[in-house]
Structures are given as C-alpha cells and as structure tokens.
Amino acid sequence: MTEGTRPAGRAGRRAPEVRCRAGAVAGRAPGGAPAAAGSAPSAGAAGLRIEVARVRGDTAVVTVAGEIDLRTAGALRDGLVELHGRLPGAGPRRLVADFSAVPFCDAAGLGALVAAHNQIAADGGEIALTGVRPAQLRLLRITGLHRLFAISAGGDVACAGYGPSAGSR
C-alpha cells in the first residue's frame with residue numbers, strides 16, 4: 001500500500017499497556033497518570049535496600065537486599081553512584097557491594113551495575129561484588145561481566161577483611 005491508500009488508524013486508539021509483576025503499569029504513575037519523564041522510584045519504594053555496612057579508609061562495604069529487576073534497577077544504579085560520591089577522600093574510592101541478600105538479578109540489574117560502574121570509574125573509583133549467588137555468578141560469566149568487576153562468591157569472608165565499622169551512614 002502507498003501512503004495515500006493506507007487506511008487511517010482509529011482516532012484515540014492507545015497502545016497496549018504493559019504490566020509488571022507488581023501490577024503497576026509501565027509509563028504510568030500510581031493512579032494511572034502518566035509518569036514524569038526521567039522519574040525513578042526511590043530505593044525504599046522499589047523494594048530494594050542499599051545500606052553502608054562499614055567504611056574503612058577509601059572502601060565502603062554496601063549491603064544490597066531485595067530483587068533486582070526492571071523495577072528496581074534504576075534505584076540500584078542511583079544508590080551505588082550516590083554512595084560512592086559520599087565516600088571520604090578525593091582519590092580512588094572503592095565500593096564492595098554485598099549481594100548475599102539478593103535472591104534474583106536479571107538483565108536490567110546487570111545493566112544497572114554496568115551503568116554504575118561506568119559512572120564510578122569515570123570518577124576514578126571501582127565496584128567490587130561479593131556474596132554473589134551461583135546463578136548470578138553464572139550470568140556474570142556468560143555475559144563477560146566477571147572481567148569488569150572483582151567478584152568474591154563468599155560474602156562473609158570478603159567483608160570480614162575490611163575490619164570493624166568506621167562509621168555507617
């Protein structure tokens with residue numbers, strides 16, 4: 001068909017809505033109103049918790065708890081970048097993200113980790129992962145991301161090397 005002979009679409013027809021597991025409609029705020037461009041849920045609202053467990057020198061051990069998926073990936077990225085910016089010192093700073101309380105991480109979560117890595121590395125810092133579950137470690141290996149992050153499967157062993165808390169935030 002050519003442009004001139006193509007039948008016109010019905011006026012007022014909307015694209016189908018896509019729903020996530022929680023029942024929220026993608027692209028819409030709660031209540032059905034369109035979401036503001038660039039808005040992201042807060043870490044608490046998304047069901048993901050990111051907390052500084054301990055700080056020693058220029059290294060912070062950060063506990064991540066909750067599922068990491070399309071709904072929470074933005075909160076993970078933003079939380080890691082924000083915590084890195086608050087670390088003391090002007091030199092290279094290191095975040096050790098403890099994933100032992102993360103039961104699930106999908107491709108969106110991996111993308112958020114890469115995005116956080118890129119922002120933090122541009123500032124001279126780095127992200128290391130610890131407490132990574134076997135299924136998550138397999139995904140990191142399949143995607144080649146095991147070469148981007150220093151990874152330790154045993155969370156308790158890796159975190160113990162950073163000593164007592166030098167002050168939580």
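This is a predicted model: local features need pLDDT of at least 70, side-chain atom pairs count only at pLDDT 80 or more; totals for chains, interfaces and linings use all residues.

Reader: Which residues have the most contacts inside the largest nonpolar core?
Author: A nonpolar core is a set of buried Ala, Val, Leu, Ile, Met, Phe, Trp, Tyr and Cys residues joined through side-chain atoms within 4.5 Å; buried means under 20% relative accessible area, with a 1.4 Å probe and protein chains only. Here the largest one has 31 residues, and Val64, Ile68, Leu76, Leu80, Phe99 and Leu129 have the most contacts inside it.

Reader: And how do I describe two packed helices?
Author: You give the angle between their axes and the distance between the axes. Helices are DSSP runs (H or I, at least four residues), numbered from the N terminus. Axes are lines fitted to C-alpha atoms over the stretch in contact, and angles run from 0 to 180 degrees between N-to-C directions. H1 and H2 pack at about 25°, axes 8 Å apart. Angles under 35 degrees count as roughly parallel, so H1 and H2 are roughly parallel to each other.

Reader: Is Gln136 buried or exposed?
Author: Gln136, in helix H3, counts as buried because its relative accessibility is 7%. Contact means heavy atoms within 4.5 Å, and Gln136 touches Phe99, Val102, Pro103, Phe104 and Cys105, not counting residues up to four places away in sequence.

Notes. Residues are numbered from 1 along each chain as its sequence is written. Side-chain values use heavy atoms; hydrogens and water are left out. Buried means under 20% relative accessible area, exposed over 50%, partly exposed in between (1.4 Å probe, protein chains only). Helices (H or I, at least four residues) and strands (E, at least two) are DSSP runs, numbered from the N terminus. Angles under 35 degrees count as roughly parallel, over 145 as roughly antiparallel, 65 to 115 as roughly perpendicular and the rest as oblique.
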